[in-house]
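Thanks for opening this one up with me. Here are a few friendly notes on its aromatic rings, to read alongside the view below.

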Amino acid sequence: MRIGSLPRVRLADLPTPLEEAPRLGERLGLRRLFVKRDDNTGLAMGGNKARKLEFVMAEAVRQGCDTVITTGGLQSNHARMTAAAAVRLGMRPVLVLDGGKPGRYPGNLLLDKVLGAEFEFVPKGSDVDLEMAKVASRLKAGGAKPFVIPLGGSTPLGAVGYVNAALEMAGQLVDMGMKIDHVFLAAGSGGTMAGLLLGLKAFVPGTKVWGISVGKGSGRLREVVAGLGTEAASLVGLPLVVEPADVLIDDSYVGDGYGIPTPECVEAIRLAAATDGLILDPVYTGKAMAGLIGHLRDGLIRPDENVVFVHTGGAPGLFAYEEWF
Ligand SMILES: Cc1ncc(COP(=O)(O)O)c(C=O)c1O
């Protein structure tokens, strides 16, 4: 594997802990539940994007860019972490946020502001790629050298960050003398799952990786994850293909849509906090935990199997959802 030879900038505190959540595991009736603490990656309050950005931002540096443009919803963790990565590398962060100009700036929006990001608010449901391209040409005309990162940083290079996470986890499992059966994580734009699935297929074969969708339908997301995984494989030199049939996506925990909590999600957030002091979020990890709980209830995982929940971060978003708690 050539992961070590790909350009990379260090942005994340790695390795993140792989720790047991004994009280939550017990409450769920699981013999052993572990949490991969990617909420602790350190970049401007942490989360999964730090790993992706190590590889994606290296490309911006290589191209000599001075400005980074990315997109997301108003409470995008990806936008917040990209803004932080940009300023750390001496670049100007510009965020094209889908949702219209807000009246208030809670949660991630506040952190974006503090980080000095420039905002371009576009009406909800806009073609954000087109909007980013417009902003890029305007900035270019003004003499800037912009680098555009698509939604969620979910490019093949971004997914490589999670191949690296799988490698890290494989080493931790060996050190702990542990075998795992299932991995659960939230799937949004799909890059995290793509890299992790590919990496676990290579380094911890036999592990079932379950992506709990937070927005997209399972059919579309399966294709996206398979495509990104296969492209990431060729970037890192792994002789593997990720087929859509390898990708286990469950979209039945989305509820009314992206960013709208469900009662199960709120309950999962309360439970994780009240047992092991884990702070989940209402957009991603709360729904992923609700998915894990639902899979146990539905007999898709057995109580005597070992499960890893990937905590991908997102807690800053919780501060924008006060009325749900
Ligand atoms: C906290 C959190 N978890 C999970 C995800 C999903 O990752 P991906 O977009 O790579 O599927 C995101 C993406 O924005 C996120 O912010």
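Predicted model: local features only at pLDDT ≥ 70, side-chain atom pairs only at ≥ 80, totals over all residues.

1. Now look at a ring pair formed by Phe184 and Trp210. The ring centres are 6.0 Å apart and the planes meet at 10°. Planes under 30 degrees apart count as stacked, so the pair of Phe184 and Trp210 is a stacked one.

2. Where do Phe184 and Trp210 lie? Phe184 belongs to strand β7 (residues 182–187), while Trp210 belongs to strand β8 (residues 208–213). The pair therefore ties together parts that are 26 residues apart in sequence. Are these two residues buried or exposed? Both Phe184 and Trp210 are buried.

3. How many aromatic pairs are there? The count comes to 5. One of them joins Phe119 and Phe121, stacked at 5.1 Å centre to centre with 20° between the planes. Ring pairs also bring in Tyr105, which forms a cluster with Phe119 and Phe121.

4. Tyr105 has a charged neighbour to look at too: Lys113 lies over the face of its ring, 4.1 Å from the ring centre. Elsewhere, the ring of Tyr162 has the charged end of Arg51 sitting over it, at 5.6 Å from the centre.

Key: Residues numbered from 1 in each chain as written. Heavy atoms only, no water. Phe/Tyr/Trp six-rings, centres within 6.5 Å; stacked < 30°, edge-to-face > 60°. Helix = DSSP H or I, 4+ residues; strand = E, 2+ residues; numbered from the N terminus. Buried < 20%, exposed > 50% of the residue type's maximum accessible area, 1.4 Å probe, protein only. Lys NZ or Arg CZ within 6 Å of the ring centre and 35° of its normal.
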